[in-house]
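Take a look at the protein below. This report walks through its contacts, charges and backbone.

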Amino acid sequence: YRQQWVANVAKTMRLGWDGVDVDDVLAQISGWSKGVYPKLYPSDAAWERAMAGFMAYVGPQLKARGSYVLASAYKYGRADGSDTAAWWKKVGRYVSGLMREYWVQNPNNLSQIYDTNPCCWTGNWNGWLRLADAAKSVGAHFFPLMSGSSTDTRTMMYGKASFLLVWDGSGGGFIFNPTDAVDPWNQAWTTAIGTPHAPRYPVGVGWRRDFSAGTALVNPNASSAQTFNLGGSYLTPSGATVTSVTLQPVTAIVLTRASTSVSPPANTSPPTISGTAQQGQTLSASAGSWSGSPTGYGYRWLRCDSAGANCANIRRATGTSYPLVGADVRATIRVVVIASNSAGSASAASNPTAVVVKRRGK
């Protein structure tokens, strides 16, 4: 079954997909089956062993084929998320990233988001933030997901700011799933504020973390408001300049640093590509060096002729890495990096790779 599953997914991947989300990597089956167990797995413990074995096989198999492997993994148990964290440490080493749906949110009542009130199981906000550490401990990226309507900016901001408090500054990302199938893009939660300067720190009943281009503030307290004196000028999502912010209970905000002298990014050292130019290998991009303190980077991979000219965009190749496929053989590859900040954006291209050769044995 494992071999056939990998073969089926790998066949689909060859159509141009960059990765696969393995959904429902659960440590128990009783929640699905209402207590009825399949013959091969007569208990949740037996199911957990089988699921762990499945991921130990399929994860490395797909990664070896150049696929990004994301697992939506969960274990029912203690309300503080510690059982899920333990499950992640068991299966996370085999995948690229780990997702938790309904991360700090009641899945049965999406408007109820977690706080720090010890009265209730939804008071375990701090516990679920520790999933970021569990993912990092096994070398996996952290992808928390929350759901709500496309106009639910409170949940969007609370989830994004909570994620920023524990983000390691590299891979992963906060995902918002719109229940009304409407694009949930909103300046309140999508604004990039650069890279983290230091770990989060408490401010009264709230928490703050400073970034190169802004700051993230969360008040997870269920009953008390919290005022944050910012120590400088920041911009709210609506564009207002503030030096302090008061957050009501169970709310959050992401602020950008105010500046009157921001210049658009300018490339000072071109992007570079690392990796072996061979079918089946994965290339990785480095953004190069930029002035203007970019707050975000975009990537476009190009397929060029053997001389590095006549380049064309590779469909869906917009990440920091690119797995080489059959169409790349006898071509060279470049990457274009787009750096942006509040003043604008600029792009720069890498030098071409060596000519891509066929996979050995092919």
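A192 is partly exposed, with a relative accessible area of 40%. A192 sits in the loop between helix 8 (187-190) and strand 8 (201-203). Helices (H or I, at least four residues) and strands (E, at least two) are DSSP runs, numbered from the N terminus. In sequence, A192 and G296 are 104 residues apart. In space, they are 6.4 Å apart, C-alpha to C-alpha.

This is a predicted model, where local features need pLDDT of at least 70 and side-chain atom pairs count only at pLDDT 80 or more, while totals for chains, interfaces and linings use all residues. Residues are numbered from 1 along each chain as its sequence is written, and side-chain values use heavy atoms, with hydrogens and water left out.

## Salt bridges

Side chains of opposite charge can pair when their charged atoms come close. A salt bridge is a side-chain nitrogen of Lys or Arg within 4 Å of a carboxyl oxygen of Asp or Glu. How many salt bridges does a search of the whole structure find? The search finds five. One of them joins K75 and E48, at 3.2 Å from N to O. K75 lies in the loop between strand 2 (68-74) and helix 4 (82-91), and E48 lies in helix 3 (residues 44-64), so the pair ties together parts that are 27 residues apart in sequence. E48 is buried, with a relative accessible area of 12%. E48 and K75 also belong to a network of salt bridges that links them with K90.

D83 forms a salt bridge with R78. Their closest N and O atoms are 3.0 Å apart. Which side of this pair is covered? D83 counts as buried, at 13% relative accessibility. R78 counts as exposed, at 54%. Another salt bridge joins D328 and R303, at 2.5 Å from N to O. D328 is in the loop between strand 20 (321-323) and strand 21 (332-341), while R303 is in strand 18 (residues 296-304), so this pair ties together parts that are 25 residues apart in sequence. D328 counts as buried, at 0% relative accessibility. R303 is partly exposed, with a relative accessible area of 25%.

## Rings of Phe, Tyr and Trp (its six-membered ring) pair if their centres lie within 6.5 Å; planes under 30 degrees apart count as stacked, over 60 as edge-to-face and the rest as tilted. Take Y41 and W47: their ring centres are 5.5 Å apart and their planes stand at 90 degrees, so the pair is edge-to-face. Y41 is partly exposed, with a relative accessible area of 26%. W47 counts as buried, at 14% relative accessibility.

Y114 and W121 have ring centres 6.0 Å apart and planes at 85 degrees, so this pair is edge-to-face. Y114 is buried, with a relative accessible area of 3%. W121 is partly exposed, with a relative accessible area of 43%. Which residues form one aromatic cluster? They are W88, W103, F142, F163 and W167.

## A positive patch

K11, R14, R65 and R359 gather on the surface in a patch of positive charge. Patches are made of residues with over 30% relative accessible area and no salt bridge: like charges are joined within 9 Å, nonpolar side chains (Val, Leu, Ile, Met, Phe, Trp, Tyr) within 5 Å. Accessible areas come from the Shrake-Rupley method with a 1.4 Å probe; for residues, only the protein chains shown count as cover. Lys and Arg count as positive and Asp and Glu as negative, while His and the chain ends are not counted. The place of a charge is taken as NZ of Lys, CZ of Arg, CG of Asp or CD of Glu.

R359 is found in the segment after strand 22 (344-349). R359 counts as partly exposed, at 36% relative accessibility.

## Positive phi angles

K34 is not a glycine, yet K34 has a positive phi of about 55 degrees. K34 lies in the loop between helix 2 (30-33) and helix 3. Is K34 buried or exposed? At 79% relative accessibility, K34 counts as exposed.

V250 has a positive phi of about 55 degrees, although V250 is not a glycine. V250 lies in the loop between strand 12 (241-247) and strand 13 (251-257). V250 counts as buried, at 8% relative accessibility.

Methods. Buried < 20%, exposed > 50% of the residue type's maximum accessible area, 1.4 Å probe, protein only.
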